[in-house]
Amino acid sequence: MNDMPTTEAASPAQASPGRAASVDGSGEERGDYRPGYEIVSEQILEFIAEQRLVAGDRLPTEHDLAKTLNTSRAVVREAVKILSALGRVRAHKGRGLFVADDEGMLITSRWGGFFRPVDLDHVLMLFEFRKVQETAAASFAATRATPAELRTIEVAMQQCRHGVVHGQVDVFNQADEDFHTAVATAAHNAFLLSAVRDARRLQRQSSAIGIHDMLGAAAEAAVEEHEAIYRAIRDGRPEEAAAATVVHLDRTLEDYRREIQRRLFG
């Protein structure tokens with residue numbers, strides 16, 4: 001734990017919410033409008049990483065963050081809500097803001113502390129990491145899944161389709177999470193399941209700040225890819241299950257790459 005009070009040790013870099021600035025190869029700063037709470041969420045995550053804060057460390061107050069970041073307390077409050085949902089911070093009434101100490105913070109001590117949700121290089125590395133885990137999980141599941149586990153995977157796949165057909169983003173996102181978790185569970189390897197959950201928890205940080213907050217062609221493709229993975233697992237074909245998982249993750253990565261570049265560079 002950091003012994004120095006974080007409000008005195010350092011503060012997040014000052015920036016004007018509403019503009020996502022980046023510097024291209026020519027040295028020119030370019031920007032694209034984004035909601036202030038997205039930017040503030042990222043800045044708080046960066047602050048936690050740069051200061052090497054751990055569970056229990058105090059963060060600046062909402063008032064101090066708003067002043068430092070030149071924004072309103074309402075925007076900071078929305079950012080804190082997002083990060084609270086991710087398990088990265090906790091607001092204790094009368095005490096202030098703290099780095100969280102729940103399950104979501106376990107991965108921070110290992111590798112989550114340096115993860116930048118909209119850093120393309122970090123997202124690429126995370127997907128490479130996921131590909132190693134989830135291809136193995138799908139392959140194992142094809143030879144180890146019980147009938148009940150196959151049914152759980154199938155139901156999650158069907159819920160994903162339901163979410164897309166009816167335009168229900170929350171339903172799709174939850175079913176997507178359930179699908180990948182169910183596949184990892186069916187691999188019958190506790191270490192692999194834990195790794196899959198950790199990596200997906202990191203990816204949800206990108207989702208929570210708006211990288212993946214709508215349904216469209218990408219979600220429709222995901223539904224078909226989920227079905228291909230499920231059928232390969234159901235039919236006991238480990239190589240096909242692994243290959244279908246690679247197709248799914250590669251396509252999803254490209255969606256993230258395009259969206260991040262659009263948000264950062266217009």
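1. The structure holds one cavity of 30 Å³ or more, and about 40 Å³ of space lies in the largest cavity. A cavity here is a set of points, on a 1 Å grid over the protein atoms alone, where a 1.4 Å probe fits but cannot get out, and lining residues have an atom within 4 Å of a point. Grid points are joined across faces, edges and corners, and the volume is the space filled by probe spheres set on the points. Rolling a probe the size of a water molecule over the atoms shows where empty space is left.

2. Which residues line the largest cavity? They are Glu 134, Ala 138, Phe 179, His 180, Val 183, Ile 229 and Thr 245. The elements that give two or more residues to this lining are helix H5 (120-144) and helix H7 (169-186), and H7 gives the most, with three residues. Helices (H or I, at least four residues) and strands (E, at least two) are DSSP runs, numbered from the N terminus. By class, the lining has four nonpolar, two polar and one charged residues, where Ala, Val, Leu, Ile, Met, Phe, Trp, Tyr, Cys and Pro count as nonpolar, Asp, Glu, Lys and Arg as charged, and the others, Gly among them, as polar.

3. This is a predicted model, in which local features need pLDDT of at least 70 and side-chain atom pairs count only at pLDDT 80 or more, while totals for chains, interfaces and linings use all residues. Residues are numbered from 1 along each chain as its sequence is written, and side-chain values use heavy atoms, with hydrogens and water left out.

4. The mean pLDDT (the predictor's confidence in each residue, from 0 to 100) is 78, and 73% of the residues reach 70 or more. Over residues 1-11 the pLDDT stays under 50, and the model has 23 contacts beyond four places in sequence for them, a contact meaning heavy atoms within 4.5 Å.

5. The protein has ten helices and four strands. Buried residues (under 20% relative accessible area, with exposed over 50% and partly exposed in between, for a 1.4 Å probe and protein chains only) make up 46% of its 266 residues.

6. The buried residues of H5 include His 122, Leu 126, Arg 130 and Ala 138.

7. Glu 134 lies in helix H5 and is buried, with a relative accessible area of 5%. Leaving aside neighbours within four places in sequence, Glu 134 is in contact with His 180, Val 196, Arg 200, Thr 245 and Leu 249.

8. Two loop residues complete the note. Pro 60, in the loop between helix H2 (36-50) and helix H3 (62-68), counts as buried at 5% relative accessibility. His 188, in the loop between H7 and helix H8 (190-208), has a positive phi of about 55° although it is not a glycine, and His 188 is partly exposed, with a relative accessible area of 44%.

How values were computed: 1 Å grid on protein atoms, 1.4 Å probe; cavity = no way out; pocket = protein on both sides within 12 Å on 5 of 7 lines; lining within 4 Å.
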